[in-house]
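Dear colleague,

Please find below the structure that I am handing over to you. My notes on it follow.

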Amino acid sequence: MSVTVFLLLVTLCVQGGNGEEREEAQRPGHVSVVIVGGTGDLAKKYLWQGFFELYINQVRGGNTFSFYGGGLSPADKGTPALFEILKTVSCSKDVSQERCALLKEQFLRLSQYRELKAPEDYQDLAKHIEQELQQEGMTEAGRLFYLSVPAFAYADIAEKINSSCRPTSGAWLRVVLEKPFGHDFRSAQVLASQLGSSLKDEEMYRIDHYLGKQVVAKILPFRVENKKYLDPIWNKHHIERVEIVLKETLNVKGRIPFYDQYGVVRDVLQNHLTEVMTLLTMRLPVNMSSSEEVLQNKLHIFSSLLPVGKNQAVVGQYQAYKTEVQQELNKTKDHFSRTPTFAAVLAYVDEAQYEGVPILLISGKMLDERVGYARILFKNDIFCVQNHNSVHCKPKQIIFHFGHGSLQCPAILVSKNLFKPVLMDGEWKEVTEHTDVNVLGLPISDYYVLTPTEQKEAYSELISHIFAGRKNSFISTENLLASWGFWTPLLSSLTSSFPRIYPGGADNGDLLDVRVKGKDISYNSEVVIISPDQMGGTSAKDFQVMQGKFRGADMVSAWTEELVEKLAADMQEAAEAAVHEGGVFHLALSGGSSPLALFQRLAQHHFSFPWRDTHVWMVDERCVPPTELESNFHNLHDHLLQHVRIPYFNIHPMPVQINQRLCVEEDGGALLYEKELSKLVNGSSFHFVLLGVGYDYHTASLFPGGKVNAHGESLVALTESPVKPHQRMSLTFSAINRAHRVALLVMGKGKHELITQLSRVKDNPEKWPVTGVKPANGRLVWYIDYDALLG
């Protein structure tokens, strides 16, 4: 017997949003909702309730539904677990008890558990959906898959959906993904590429539940509605600083296996707080409902952010974290994790509108209260000679209060000495009767207070947006990679930083207070001394930059931050020597994620670097347009070139795109680059070449089994990579080994096995390409951080 209940079709009313998207999303038809991981914690706490609310709201909207909870357990175990969850869903207060009972009964009848493990399970699900459609004579509107599973399973499940469960006949497919979306820029890039081979970008909905919070969703509309008041003051002349804060009182006990790999920056700052920052600083879109325009305006902000390094961040760790790690990860008593549970980061937008305005992003566990807010503090040019309590002398601020804290509800607060905000829709109201509470230094009565007329849960809001096909509240691939591009250099520099230990809760006192001085941030109080047992036996000598030998060549070793500092200093020294001797410095830079921290260091701290006399060349390039995020030149431009004063004609990207084609041999791109190099570089000998080493021992884009000797005396060649994009252009060993100096940069614990293996093997460029780096008349220096060296 069919589980489908036919619902009365009524006239479709489309209100707001992107017309084309919403028309497609709400056309009458059958919608299959599949929650993969349907009996997990997230599904239990939020997702089933959210989909029940969607069902209630759409029950008369012209669609029929089927709901599937997918899991790895067989049906006899999964079904009872699922229905225990479904029994807990509830209706809002405006739904009568009788109607609620009927809706719950229908919802349960429309729901079932499915084992979703093997490809055959997805094939069986597809057959079931098709049979149901045929038996009931229904038109399919779409299929919605919500992947409430660990991120490592995304690519595999996406491939199964694509190959077995993709709808036909013009029905839409929407696949929802939960964070984390990668661990750094490179891993996010790999995951995006894997998903992109199965799903179109418009089919992916990367969810950040913060964008579903009512106050966060109101930031852009508020800025538009109050444009006449905000335009004159939303700039560097009036804004003193911006604070975006998420404080939590809980620890991470029970989540250590996940949290110790990520930490507070990846868990909160890179996503939630960064998204809020873009909403506050981006150019207002002309069309608020255009997801493409909103995205482009966000990307513009990312491209304008100044790089952040060790001087723009402080980190901390609550005292009990060490013990929790030892217990949950079965570590010894002397083990000490550097994973931060608190961070304060200072960001700046390099645009005339916000020049010099500090943006503080702060989050931590085990703090004094649970609260989230964004605060725009304005300068006050009035000084009250006698009445210091006058409204004119009080702080001028706008607070987007996400929830909790002393208010215990979402709200937008505007100081009464600024302006009275405009209310443009019925979903928000002004509150004039207040309890006796203070919010960030002012009594509540000193604010105009706006709150939602009805509080809504973030996941429920986002689920309704997914159904409607509205993408403004979700993270696109470009947005994601731009964010990781901003945060990855900082994360690399923090790997060697010891966090300040704090006791937790009210006992923290002023221990975590920070001071902003110029472009730098630091703790306000004196440095806290960490005991040797807290440091896991680490002593000051471990922070020295060590000199040594590796594979018969010179080696420099240090913690990541100090290693990058040393490499940047050595590069500048080489540049100054070359310019002094010959008036020019030829520098060849490789792609990948390893050099990002170096680029940031050069851009932010080496202001005397002789960029005007420097020519920048590429070691290798992926065969993609230079505007693509996968392009090595794109990353080099975003993280270094746009931040330094280098003449345009001194920049030499590899010509991978000629005649509107990518790396076609007869177009002669490699030969063209070789001719340019031979013409400008004396003896075709670069002054400095920076290389990295891949996990498969490749360097530049010279890969194992690539017949490296076949290139002969050619300086540039087209090569093949085992991973997408397969086609590459690369300097050959002939070009690399003519250099005056070659630096091989290797960082991260993941490279420890590689370094161990390289210390044992003989030269074999066919098998281990990096062993082919042997400058004939120059100097090779390995720069290896302690994580890679010691593991």
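In what follows, Lys and Arg count as positive and Asp and Glu as negative, while His and the chain ends are not counted; each charge is placed at NZ of Lys, CZ of Arg, CG of Asp or CD of Glu. On that basis, the 79 positive and 90 negative charges of the chain have mean positions 2 Å apart.

Please note that this is a predicted model, in which local features need pLDDT of at least 70 and side-chain atom pairs count only at pLDDT 80 or more, whereas totals for chains, interfaces and linings use all residues. Residues are numbered from 1 along each chain as its sequence is written, and side-chain values use heavy atoms, without hydrogens and water.

The chain contains 21 helices and 34 strands (DSSP runs of H or I, at least four residues, and of E, at least two, numbered from the N terminus). Of its 791 residues, 57% are buried, meaning under 20% relative accessible area with a 1.4 Å probe, protein chains only.

The largest nonpolar core has 209 residues; such a core is a set of buried Ala, Val, Leu, Ile, Met, Phe, Trp, Tyr and Cys residues joined through side-chain atoms within 4.5 Å. Helix 10 (residues 256-281) supplies its largest share, eleven residues. Phe 400 is among the residues with the most contacts inside this core. Leaving aside residues up to four places away in sequence, Phe 400 touches residues including Val 215, Phe 222 and Leu 280 (contact means heavy atoms within 4.5 Å). Another core, of 39 residues, lies apart from the largest one and includes Leu 82 and Tyr 459.

Yours sincerely

Technical notes: Buried means under 20% relative accessible area, exposed over 50%, partly exposed in between (1.4 Å probe, protein chains only).
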